Amino acid sequence: MLRFDEKADRVVPPTGFTARLTLFSAFAMAFLAVFALALSMAAGRVAERWGEELAQSSTLRISAPAGEVAAQTDAALRVLRTTPGIIDARALTLEEQRALLAPWFGDDLPIDDLPLPQLIDISETEDGFDAAGLRLRLAAEAPGAVLDDHARWRQPLIEAATRLRVLGWASILLITAATAAMVTLAANAALAANAQVIAVLRLVGAKDTYIASAFVRRFALRALTGGAFGTLTGIIALFVIPSSSDAAGFLTGLTIQGVGWVWVVLIPPLTGLVALIATRFAAGRVLEELA
């Protein structure tokens, strides 16, 4: 269907409204597809990272009168270090707690004047520990200890990231459908505008498959060209976005990594394929109406 035929290609005007519409639609949709793909993959990485980081860690908070904090911290550490399923337990220093609060209150927070609780970082094994049993032991040894196993934080975050990933792939499907619709409209307009030319070609013996192939080939190549430029522009735009490692960056890494580049490379040919199918459908329907 895409075999080059110079004479057949003359059936379709190389310029005009339909050409510009097809090129622009393919360009815009490919550009958006790159961002939708990057969003979906970034959400997948976020869900995986949050799951790994929060799944095997817990936090213990010691809230007690100033004179009892040190004693209850020591007692809690003894309990934690003798609990099956816990690899290590470590009390955070004042500087580490300051660093945790800095994103919300700034680096100049007078932390020495605040009655902050003592935090203990807990590292778990893959199987974890018995949270209910640990809470009972802590209640006896360190009444001011409050255990947070991150379960209430981990699951909602993972669900949110997973839904965002699904939304990215749903956006790609909508972009594909919109591309097919726009190409179909452009092909219909081109076929209708060339109704007299089609009638003459039929009179000299041209078959509908020959006529349709010219439209299919021209629109597929236009979409392929627009998709290639749109994909390239989208890639450049992704590199312009600040990464999460930048000082002023607040994004989680809206980038393409690993095998994701395979999907990016496939965007232009897939755009051309969508245009080919849409144009073939439109040509068959319009030629049947003109018969």
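Q: What makes β2 and β3 count as paired strands?
A: In this predicted model, strand β2 (residues 86-91) and β3 run antiparallel and are joined by five bridges. Pairing asks for at least two bridges, so β2 and β3 count as a pair. Within β3, I122 stands opposite A89.

Q: How do you know that β1 also pairs with β3?
A: Six bridges link strand β1 (residues 57-62) to β3, in the antiparallel sense. The requirement is at least two bridges, so β1 and β3 are paired as well. R61 has L119 as its bridge partner in β3.

Q: Why is strand β3 called mostly covered?
A: Strand β3 spans residues 118-124, and five of its seven residues are buried. A residue is buried when its relative accessible area is under 20%, so five of the seven residues of β3 fall under that limit.

Q: Why is T231 called buried?
A: T231 has a relative accessible area of 4%. The limit for buried is under 20%, so T231 qualifies. T231 is placed in helix α8.

Q: What does T231 touch, leaving out residues up to four places away in sequence?
A: The residues in contact with T231 are A30, V34, V264, I267 and P268. Contact means heavy atoms within 4.5 Å, so each of these residues has a heavy atom within 4.5 Å of one in T231.

Q: Which residues of the second largest pocket are closest to its centre?
A: The second largest pocket has a volume of about 310 Å³. Of the 15 residues that line it, A33, I172, T176, I267 and L270 are the closest to its centre. Helices α2 (17-55), α6 (151-193) and α9 (260-290) each supply at least two lining residues. The largest share, six residues, comes from α6.

Q: How many lining residues of the second largest pocket are nonpolar, polar or charged?
A: Twelve are nonpolar, three are polar and none is charged.

Q: Which members of the largest nonpolar core touch the most other members?
A: Of its 21 residues, these are V183, L191, I198, I211, F215, F219 and L287. Elements α2, α6, α7 (195-203), α8 (208-240) and α9 give two or more residues to this core. The most, six residues, come from α9. Another core, of 17 residues, lies apart from it, and A76, L80, A89 and I120 are among its members. Membership requires a buried residue, so A89 and I120 are each under 20% relative accessible area.

Conventions
Residues are numbered from 1 along each chain as its sequence is written. This is a predicted model: local features need pLDDT of at least 70, side-chain atom pairs count only at pLDDT 80 or more; totals for chains, interfaces and linings use all residues. Side-chain values use heavy atoms; hydrogens and water are left out. On a 1 Å grid over the protein atoms alone, a cavity is a set of points where a 1.4 Å probe fits but cannot get out, and a pocket is an open set with protein on both sides within 12 Å along at least five of seven lines; lining residues have an atom within 4 Å of a point. Grid points are joined across faces, edges and corners, and a volume is the space filled by probe spheres set on the points. Helices (H or I, at least four residues) and strands (E, at least two) are DSSP runs, numbered from the N terminus. Ala, Val, Leu, Ile, Met, Phe, Trp, Tyr, Cys and Pro count as nonpolar, Asp, Glu, Lys and Arg as charged, and the others, Gly among them, as polar. A nonpolar core is a set of buried Ala, Val, Leu, Ile, Met, Phe, Trp, Tyr and Cys residues joined through side-chain atoms within 4.5 Å. Buried means under 20% relative accessible area, exposed over 50%, partly exposed in between (1.4 Å probe, protein chains only).
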